[in-house]
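The following paragraphs lead through the model, from a helix to a set of paired strands and then to the nonpolar cores.

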Amino acid sequence: MVRSPVPRLVVAAPSSGSGKTTVATGLMAAFAARGLAVSPHKVGPDYIDPGYHALATGRTGRNLDAYLCGPELIAPLFLHGARGCDLAVVEGVMGLYDGAAGQGELASTAHVAKLLRAPVVLVVDASSQSRSVAALVHGFASWDPQVRLGGVILNKVGSDRHEELLREALDSAGVPVLGVLRRVPQVDTPSRHLGLVPVAERRAAALDAVAAMAAQVERGCDLDALARLASGAGPLPDAPWEAPVGAAGRRAVVAVAGGPAFTFSYAEHTELLTAAGAEVVAFDPLRDERLPEGTAGLVIGGGFPEVYAAELSANEPLREAVAELARSGAPVAAECAGLLYLCRELDGRPMCGVLDAGARMSERLTLGYRDAVAVGDSALAAAGTRMRGHEFHRTVVEPGAGAAPAWGVTAPVRRVEGFVQQGVHASYLHTHWASEPGVARRFVERCRTS
């Protein structure tokens, strides 16, 4: 069956730092201000931008990662997130054609745009060029004939004369100019060692930043032309993704860490847990001194525990509650920040002590996609389960693996990683459970029986 889903466009750029986050988030907010239901999406594994997208639209920001989930799931996951919407805006990652290292186009913005049959709007930093912009745009438009470059938004334009020169040059490239944003002071979106500061840590300021992005885009972009471009997206033959329903039985309470210290989570994980039979209850390790009533399992995702190490350490009652739950054999799934929280200490401050390992900040950034296989059975995965993951951290855990490791990583280098002990599965790898929904069902079943 060929479907004609929501109108959509992809916001891309020649390189990082061109302004695509400002444009994409501003477009989302500007269209939402017109009364449209806007579906926000982000190419790649990034957890932070979707938080700003959610503020802009009032809907959950969702990721589209062709490496973590596989190309075959991109359109279904998009359709799942875009149900009932009038328009979808997809923010790209890095440069338009930059994908997983050594994997060609895989997981690039161009790859996702082709999978979605969506037109691309290229955001170009024009601050140091005039006529050369035509050569740049021509190159991006002609590199892959299957990528439909529908228009350009010029960013950091200095003056009326500068704009005139840029428009004259682009007339020869045959790509319409759909917006011009002037060189203005940067919108207040502070960064630190892993990128933008998440929304959960600065909600009021983030709302102001999103409003400023929307105003800038409203002033400088032809929203009607962009909406028409989005309406020209091609039909998709796919059905929307659905979280598989688990076996009937009592609902198990699964506590999921949240709050400012643990902001990294894919929306589909909660949906998968719920469909598998869990009652998902959020808690904040910075403030809550007890786990939710009846907790049978615990999920601790990524975030910034290194920023909040003092506060996390000071919450001794919760640290002891987590340790007691782990000692009981209950299922605990921890990724990256969750791994650090379960360690004996983080930068010398006591953590939960579930794992006999120490964690500390490092000058070195560890970043990249990983291919992994479960070394042994755990509450999350059966031995031999293959998943793809992503590492993104400036911390080190010593030792890096327990007597029973979580994963055998096969790319880029062979090694074992993480910890499995009793019901605990702890690892640096961020994974997207939609690629292997059996992990959520397995986890919930263990919660029911532990």
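Helix H13 (residues 438-449) comprises twelve residues and spans 17 Å from its first C-alpha to its last, close to the 16 Å expected at 1.5 Å a residue; the expected span is 1.5 Å times one less than the number of residues. Helices (H or I, at least four residues) and strands (E, at least two) are DSSP runs, numbered from the N terminus. This is a predicted model, in which local features need pLDDT of at least 70 and side-chain atom pairs count only at pLDDT 80 or more, while totals for chains, interfaces and linings use all residues. Residues are numbered from 1 along each chain as its sequence is written, and side-chain values use heavy atoms, with hydrogens and water left out.

The buried residues of H13 are Val-439, Ala-440, Phe-443, Val-444, Cys-447 and Arg-448. Buried denotes under 20% relative accessible area, exposed over 50%, and partly exposed in between (1.4 Å probe, protein chains only). The elements they pack against include helix H9 (267-276) and strand E17 (386-398), contact being heavy atoms within 4.5 Å.

Strand E5 (residues 120-125) has five of its six residues buried, so it is largely enclosed by the rest of the structure. Six bridges join E5 in parallel to strand E6 (residues 149-157); pairing requires at least two DSSP bridges. Leu-122 stands opposite Val-152 in E6.

Val-137 touches residues including Leu-122 and Val-152. Val-137 is also among the residues with the most contacts inside the largest nonpolar core, which has 117 residues. Such a core is a set of buried Ala, Val, Leu, Ile, Met, Phe, Trp, Tyr and Cys residues joined through side-chain atoms within 4.5 Å.

Conventions:
Lists of a residue's contacts leave out its neighbours within four places in sequence.
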